[in-house]
Amino acid sequence: MKRCAPAVAAFLLAFSIASRCAADPPAIRGLGVEERLDQDPVLGPSLERARLAADAVPVFVRLTLAPDQYAAGSDLSRLDARLERYSALHVPVVAVLADPPAEPSTVDAWRSTLRALVERCRGKVVAYQVGDRLEGQARPAVRDYAYLAK
């Protein structure tokens with residue numbers, strides 16, 4: 001671990017300088033931290049303990065949500081609290097909507113759920129990723145995934 005610290009510090013410094021010099025930096029840049037909504041946050045407490053601002057070290061959170069955590073009628077208070085925390089810390093959030101429906105008959109209901117979620121999270125989530133599978137489930141066929149994405 002001690003051997004990695006100088007390399008990580010050099011990378012963060014170089015990335016910070018390069019990103020400030022770029023004409024149009026991408027919206028999502030820096031070191032991504034994987035989190036799941038059903039587990040405790042990692043990045044927020046770490047930044048708070050180190051007394052670092054998110055703009056001091058370019059970071060973002062990739063927050064994975066299981067279907068029952070964003071389904072219509074589910075309790076979204078944990079999601080709201082996590083997004084508020086990262087918004088206050090100025091940490092961009094990429095929401096990963098895991099386990100999309102495998103059956104075409106359930107896609108319309110899923111889409112309306114997504115629309116409601118996107119409206120609720122407007123301004124707090126910079127991007128959405130769809131298609132990750134939890135618990136080792138098979139990924140959807142390319143044709144089905146393209147249908148979900150449209």
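**Figure 1. Helix 2 and what its buried side meets.** Helix 2 buries Leu 43, Gly 44, Pro 45 and Leu 47; buried here means under 20% relative accessible area, exposed means over 50%, and partly exposed is anything in between (1.4 Å probe, protein chains only). Those buried residues pack against strand 1, strand 2 and helix 3, where contact means heavy atoms within 4.5 Å. The helices (H or I, at least four residues) and strands (E, at least two) are DSSP runs, numbered from the N terminus. This is a predicted model, in which local features need pLDDT of at least 70 and side-chain atom pairs count only at pLDDT 80 or more, while totals for chains, interfaces and linings use all residues. Residues are numbered from 1 along each chain as its sequence is written, and side-chain values use heavy atoms, with hydrogens and water left out.

**Figure 2. The whole protein, for orientation.** Step back for a moment and you'll find five helices and four strands. Follow the chain along the sequence and the pattern reads α-β-α-β-α-β-α-β-α. Of the 150 residues in the protein, 36% are buried. Take the contacts between residues at least 6 apart in sequence: 79% of them join residues at least 24 apart. The accessible surface comes to about 9,500 Å², and carbon and sulfur atoms account for 58% of that; the areas come from the Shrake-Rupley method with a 1.4 Å probe, and for residues only the protein chains shown count as cover.

Figure 3. Confidence is highest in helix 3, at a mean of 94, and lowest in helix 1 (residues 4-21), at a mean of 41. Over residues 1-26 the pLDDT is below 50, and beyond near neighbours in sequence this stretch has seven contacts in the model.

**Figure 4. Inside the largest nonpolar core.** A nonpolar core is a set of buried Ala, Val, Leu, Ile, Met, Phe, Trp, Tyr and Cys residues joined through side-chain atoms within 4.5 Å. The largest one here has 24 residues, and those with the most contacts inside it are Leu 43, Leu 63, Leu 65, Tyr 70, Leu 79, Tyr 86 and Val 91. Helix 2 (43-50), strand 2 (59-65), helix 3 (77-88), strand 3 (93-97) and helix 4 (107-120) each supply at least two residues of this core. Strand 2 gives the most, with four residues. Zoom in on Leu 65: leaving aside neighbours within four places in sequence, Leu 65 is in contact with Leu 37, Tyr 70, Leu 79, Ala 95, Val 96, Leu 97 and Ala 98.

**Figure 5. Helix 3 and its buried side.** Helix 3 has 12 residues and reaches 16 Å from its first C-alpha to its last, close to the 16 Å expected at 1.5 Å a residue; the expected span is 1.5 Å times one less than the number of residues. Leu 79, Arg 82, Leu 83 and Tyr 86 are buried in helix 3. They sit on the same side of helix 3 because they cover an arc of only 95° around the axis, that arc being taken from the directions from the helix axis to the C-beta atoms. Among the elements covering these buried residues are strand 1 (31-36), helix 2, strand 2, strand 3 and helix 4.

**Figure 6. Two residues with positive phi.** Just after helix 2 comes Arg 51, with a positive phi of about 55°. Arg 51 lies in the loop between helix 2 and strand 2 and is exposed, with a relative accessible area of 77%. Helix 3, in turn, is followed by His 90, whose phi is positive, near 60°. His 90 is in the loop between helix 3 and strand 3 and counts as exposed at 65% relative accessibility.

Figure 7. Val 42 is in the loop between strand 1 and helix 2 and counts as partly exposed, at 42% relative accessibility. Leaving aside neighbours within four places in sequence, Val 42 is in contact with Val 33, Glu 35 and Tyr 86. Over in helix 4 you'll find Thr 113, which is buried with a relative accessible area of 13%. Not counting residues up to four places away in sequence, Thr 113 touches Tyr 70, Ala 71 and Ala 72.

Note on methods: pLDDT is the predictor's confidence in each residue, from 0 to 100.
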